Amino acid sequence: MKPFLDEDFLLQTKTARTLYHEFAKDMPIIDYHNHLPPDQILSDKVFKNITEIWLYGDHYKWRAMRTNGINEKYCTGDASDYEKFEKWAETVPYTMRNPLYHWTHLELQRYFDIKETLSPATAKKIYDISSEKINSPEFSVRNLLNKMNVKVVCSTDDPLDSLEYHQQLREAGDYDVKVLPAFRPDKFILIDNPNFPTYIQKLGAIVNFEIQSFEDLLKALRQRADFFASQGGQISDHGLEQIYAADFTPETADSAFKNAISGKTLSEAEAVVFKSAILHELGKMYAELGWTQQFHLGALRNNNKRAMRVLGPDTGWDSIGDWSQASALSKFLGKLDEYDQLAKTIIYNLNPRDNELIATMVGNFNDGSMAGKVQFGSGWWFLDQKDGMEKQINALSNMGLLSRFIGMLTDSRSFLSFPRHEYFRRILCNIYGNDIENGELPNDIPWIGETIQNICYNNAKNYFGW
């Protein structure tokens, strides 16, 4: 019986262990999509205790606690930090076989050298040890990133954002980790959101002209994208249910836009026409800028209306959706590619039934201009666990080139989430190691080791030009 979470965790064969320890383990990290707050990196924040860095804002943990019968008071409510930690410790033993169990103990080990499992019996001891460390300058935000050998982090930022913290970080020049913004203009795509006219007014105030037409909107978004580029931005991101690719003309897009900002209710067809037009025009803009566009597809958000009303979005009430993705995605990518206006693109899939769909779709638009121009992104959200990662890796292996994959990211709001890269790397090495020992791949350790290093770090470094 192997011990839990030892140095060979998830590595089932001697070859897998060799690949991980000699090739993958010490590779740096490029975390090209996350939701980390840049102001905390600028200020080099020191957290008060383990709860503040671990449980504030973590809807993964909140979902598990609620499922375990824990009252909302201990998730998003006014319970004390220690009481919240106690309730999380009470829940952890019930998370076995959920990735939260692995993540929790990887983070306790890697950051705090705590090898005991978390439970009600160990809660006080672990809280005291971890909180004492996290509340010291040695565990400041920048030191936490350094400890994990992070070289680049890309936050996720609204076009309305001043990027003042990114700007101050660049001007200070006193931190070796690149902290770069990513352009997330979803609120200017989702025209059927009741707040759409308000967002347009706010954007107009920032760009210093009134946005009265579809053309004005494109001009304003380009101005903001140019500003993001001036602050090191090279990436956009979109969190959408599906790609929109209906036929449109500038006139139909403009009509829908003007109806929306005047307060009229749009038909579904009008909304889809606008979404299709703005996505296409943004895609052209990203290509002109030399950016990479990311699409996170398939989340069914805010299912619990009562919770949405009380707690707001991003508090743990989302799930996997089941939209048809292939036709619109093909049309969207194809229309851009037809006139050589397709930027580097990463497609993330949330419904595992669509893994092979996405793996084959990206191959349609890899045109030989560079390695892996259009990528099948890593297992995301509900799929960034062992089974989800293995399925994504296998689909990409079978239908594309895993060797050109740009690897893992955290997609997290927590500075303690970087062991997710280690988790991915162990799974990756185990897959290759098993294939070698089964005689399905040659025992060419130098070449396969180099391939693994590329997937872990070098491919992303070259892809983004960092």
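The largest cavity is lined by Tyr244, Ala245, Ala246, Asp247, Phe248, Ser276, His280, Lys331, Phe332 and Lys335. The model is predicted. Two elements, α13 and α15 (326-338), each give two or more residues to this lining. The largest share comes from α15, with three residues. In total, the structure holds three cavities of 30 Å³ or more.

Aromatic contacts were examined next. A search of the whole structure finds 25 aromatic pairs. One of them joins phenylalanine 112 and phenylalanine 139. Their ring centres lie 5.8 Å apart and their planes meet at 5°, so the pair is stacked; planes under 30 degrees apart count as such. The two residues belong to distant parts of the chain, 27 residues apart. Phenylalanine 112 is in helix α6 (residues 99-112). Phenylalanine 139 is in the loop between α7 (123-134) and α8 (141-147). Both phenylalanine 112 and phenylalanine 139 are buried.

Phenylalanine 183 and tryptophan 291 form an edge-to-face pair. Here the distance is 5.8 Å centre to centre, with 70° between the planes. The cut-off for both is under 20%.

Ring pairs also build a cluster. Its members are Phe4, Phe9, Tyr101 and Tyr423, linked through their rings.

Charged side chains meet aromatic rings as well, at lysine 187 and at arginine 420. The charged end of lysine 187 sits over the ring of tyrosine 199, at 4.4 Å from the ring centre. Arginine 420 lies over the face of tyrosine 60. In that case the distance to the ring centre is 5.2 Å.

Definitions and conventions. Residues are numbered from 1 along each chain as its sequence is written. This is a predicted model: local features need pLDDT of at least 70, side-chain atom pairs count only at pLDDT 80 or more; totals for chains, interfaces and linings use all residues. Side-chain values use heavy atoms; hydrogens and water are left out. Rings of Phe, Tyr and Trp (its six-membered ring) pair if their centres lie within 6.5 Å; planes under 30 degrees apart count as stacked, over 60 as edge-to-face and the rest as tilted. Helices (H or I, at least four residues) and strands (E, at least two) are DSSP runs, numbered from the N terminus. Buried means under 20% relative accessible area, exposed over 50%, partly exposed in between (1.4 Å probe, protein chains only). A charge sits over a ring if NZ of Lys or CZ of Arg is within 6 Å of the ring centre and within 35 degrees of the ring normal. On a 1 Å grid over the protein atoms alone, a cavity is a set of points where a 1.4 Å probe fits but cannot get out, and a pocket is an open set with protein on both sides within 12 Å along at least five of seven lines; lining residues have an atom within 4 Å of a point. Grid points are joined across faces, edges and corners, and a volume is the space filled by probe spheres set on the points.
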